[in-house]
Amino acid sequence: MNITEVSAEGLAREMQITIAAADLASKLEIKIDSIKDQVQLKGFRPGKVPLAHIRKTFGQQLMGEIIQETVNESSQKMLTDRDERPAMQPEIKLVGEADAIIEGKADLVYDVTYEVIPPIELTDFSKLKLEKPVVDVDEARVDEALERLAATRKDFAPRAKTAKAKEGDRVKIDFIGRIDGEAFEGGTGEGFDLELGSGQFIPGFEEQLIGTKAGDKKDVEVNFPEEYGAAELAGKAAVFECTVHEVSEPKDAEINEEFATSLGMESLEKLKDAMREQIGQDYDQMSRGHMKKGLLDQLSDSHDFDLPPSMVEMEFNQIWHQFEHELENNQQKLEDLDESEEELRAEYRAIAERRVRTGLVLAEVGSKNEIQVTQEEMNQGLMQRVQQFPGQEQQVFEYFQQNPEAMAQIRAPIFEEKVIDFICELASVSDKKVSLEQLMTEPGAEEAEAPKKAKPKKAPAKKAAAKKAPAKKAPAKKAAAKKPAAKKAPAKKAAAKKDADKK
C-alpha cells in the first residue's frame with residue numbers, strides 16, 4: 001500500500017492510496033481457495049469445481065468484494081497510522097476505470113477526502129463553578145397537583161331531562177352516519193358517551209349537539225377532513241342522525257380518603273407524599289436543565305479550537321431548516337422579521353458552532369475517561385422509547401434493532417448525561433434559591449427553539465376560529481365520526497444526534 005498526501009490545509013485532508021494489482025490478485029486467489037469446497041455448479045461434484053472455472057465464473061464478483069474490503073481496510077489503516085480522527089465519514093473517490101481494476105489490468109487507486117477532529121486540550125473541570133437552582137416543594141403546590149389529578153378523574157351526574165347540553169357536559173347518544181343517503185361502515189354507534197368540547201369527534205360534530213336535551217333528535221352535518229385516514233371518507237360530506245338519551249354535567253372527584261384509595265394508595269396522606277415526591281423530581285429535572293445549560297456555556301467559553309467546517313455546516317443546516325419550518329407554520333416570511341436573513345444566518349451559525357464545540361468537548365471527555373454506555377442502559381433507553389408508541393411497540397422495537405443509526409439516537413443522550421455527571425462531580429456546585437417562575441423558565445430556550453428568536457415586525461393575522469384538524473389515521477371501528485388515536489412514527493435517522501458530536 002502506498003499513501004500520498006495530496007493536501008493538508010487546516011483540518012482538511014486529501015490522501016491518495018494505491019494498492020498494487022498484484023496484491024489484489026493475491027487476495028483473489030486466497031478468496032477462491034477459501035470457497036472452493038462450498039461452490040456447487042452443474043456438472044461438477046461438490047468441492048470438485050476447478051479453480052480456473054471458479055475464477056472464470058465468479059472472478060469479477062469476488063474481485064468487486066475484495067476491492068470494497070480493501071478500500072475499507074486500507075483507509076482505516078491510513079487513519080490509524082496517521083493518528084487522525086475524521087470529523088465525518090471520509091469521501092472515497094476511485095481514480096481510473098473500475099473495469100480495468102476488476103480485470104486485474106490496473107492498480108487500485110483512490111482518493112480519500114476528509115476533515116480531522118483537532119486536538120482538544122480539556123480545561124481543569126475542578127475550576128468550574130456551577131449554580132443549581134432549587135425550589136422547595138410547598139403544600140400549595142401539592143394541593144394544586146391534587147386538584148389537577150381530581151379534575152382528570154371527574155365523574156358525570158345526570159342533569160334534569162329538560163336541561164340543555166353545554167360545552168363540558170357529556171351526552172349519551174345513538175348515531176347513524178350517512179353519505180349521499182347511504183350508511184357507511186363504522187358510522188354507527190349506540191349508547192355512546194361523548195364529552196362536548198373534548199375534540200373526540202371530527203371538527204364540527206360536537207358543537208352541533210350543544211343545546212340539545214334528553215329525547216332530542218338532531219341531524220349533525222359535517223365534512224370529513226381532506227387528510228382523514230380513511231381514504232373512502234376523506235373530504236366527503238356526511239349527515240349523522242343522532243338521538244340524545246341523557247345529558248350529564250361534570251363533577252370533580254372529592255379529594256378525601258376514598259379518592260386516595262381509589263388510586264391504589266393507602267391513605268390521603270400517602271397520596272400527598274407521592275405527589276410531593278413527584279413534584280420534587282420534576283423540580284430536580286428542571287434544576288438539572290439549568291445547571292447543564294450553565295455547564296455547557298462554560299465548556300464552550302473555556303475551550304478554543306478549530307471546528308471541522310463540515311460538522312458546523314451540517315448543524316447549521318438543521319437549525320436553519322427548523323427555522324424555515326417554524327416560519328411556514330406561523331405563516332410568516334423572512335421579510336416579516338426585524339432581522340435580515342444575513343443577521344439571522346450569522347446568529348444561527350454561531351449557535352451551530354457552539355453546539356459542535358461543546359459536543360466535541362463532551363466526546364473528548366468521554367473518550368479520555370473511558371465513559372461507556374452499558375448494554376443494560378441501552379436496553380432501558382430502548383424500552384422507554386418503545387413505550388412512547390402505544391400499540392406499535394413491536395414495530396418500533398424492530399425498527400431500532402435493525403437500524404444502527406436509530407440506536408445511536410438511544411445512545412447519544414445517555415452518553416451525554418453520563419459525561420455531564422462526570423464533569424459535575426469534579427466541578428464546584430452550589431445551590432441557589434430561586435422562584436418557581438425562574439425555575440420553570442426554559443434553559444437556553446433561545447437555542448433549543450432557535451426559530452422563536454425571530455420576532456415579527458407586525459402582529460400576525462388572527463387565527464381562524466376553527467382550528468385545523470390534525471392528521472387522522474384509520475377510523476375507529478365503532479364510530480367513523482371519532483378522531484382516530486394519533487400514532488407516532490419512529491424517529492427518522494436524519495434527525496438523530498450522532499453520539500455526543502452535537503449538542
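By salt bridge I mean a side-chain nitrogen of Lys or Arg within 4 Å of a carboxyl oxygen of Asp or Glu. Arginine 85 is in the loop between α2 (51-82) and β3 (91-95), while glutamate 364 is in helix α8 (residues 341-368), so this pair ties together parts that are 279 residues apart in sequence. Helices (H or I, at least four residues) and strands (E, at least two) are DSSP runs, numbered from the N terminus.

Before I go on, a word about the model. It's a predicted one, where local features need pLDDT of at least 70 and side-chain atom pairs count only at pLDDT 80 or more, but totals for chains, interfaces and linings use all residues. Residues are numbered from 1 along each chain as its sequence is written, and side-chain values use heavy atoms, with hydrogens and water left out.

Back to our pair: buried or exposed? Glutamate 364 counts as buried, at 7% relative accessibility, and arginine 85 as partly exposed, at 38%. Buried is under 20% relative accessible area, exposed is over 50%, and partly exposed is in between (1.4 Å probe, protein chains only).

How many salt bridges does the structure hold? There are 30. One of them joins glutamate 84 to arginine 82, with the closest N and O atoms 3.0 Å apart. Here glutamate 84 is buried at 14%, and arginine 82 is partly exposed at 29%.

Another salt bridge is between glutamate 313 and arginine 349, at 3.1 Å, N to O. For that, NZ of Lys or CZ of Arg has to be within 6 Å of the ring centre and within 35 degrees of the ring normal. Arginine 345 sits over tryptophan 320 in that way, 4.2 Å from the ring centre.

There's a salt-bridge network too, linking Arg288, Lys292, Glu416, Glu417 and Asp421.

Last, the rings: the whole structure has 16 aromatic pairs. Rings of Phe, Tyr and Trp (its six-membered ring) pair if their centres lie within 6.5 Å; planes under 30 degrees apart are stacked, over 60 edge-to-face, the rest tilted. Ring pairs also build a cluster from Phe175, Phe184, Phe192, Phe201, Phe205, Phe224, Tyr228 and Phe240.
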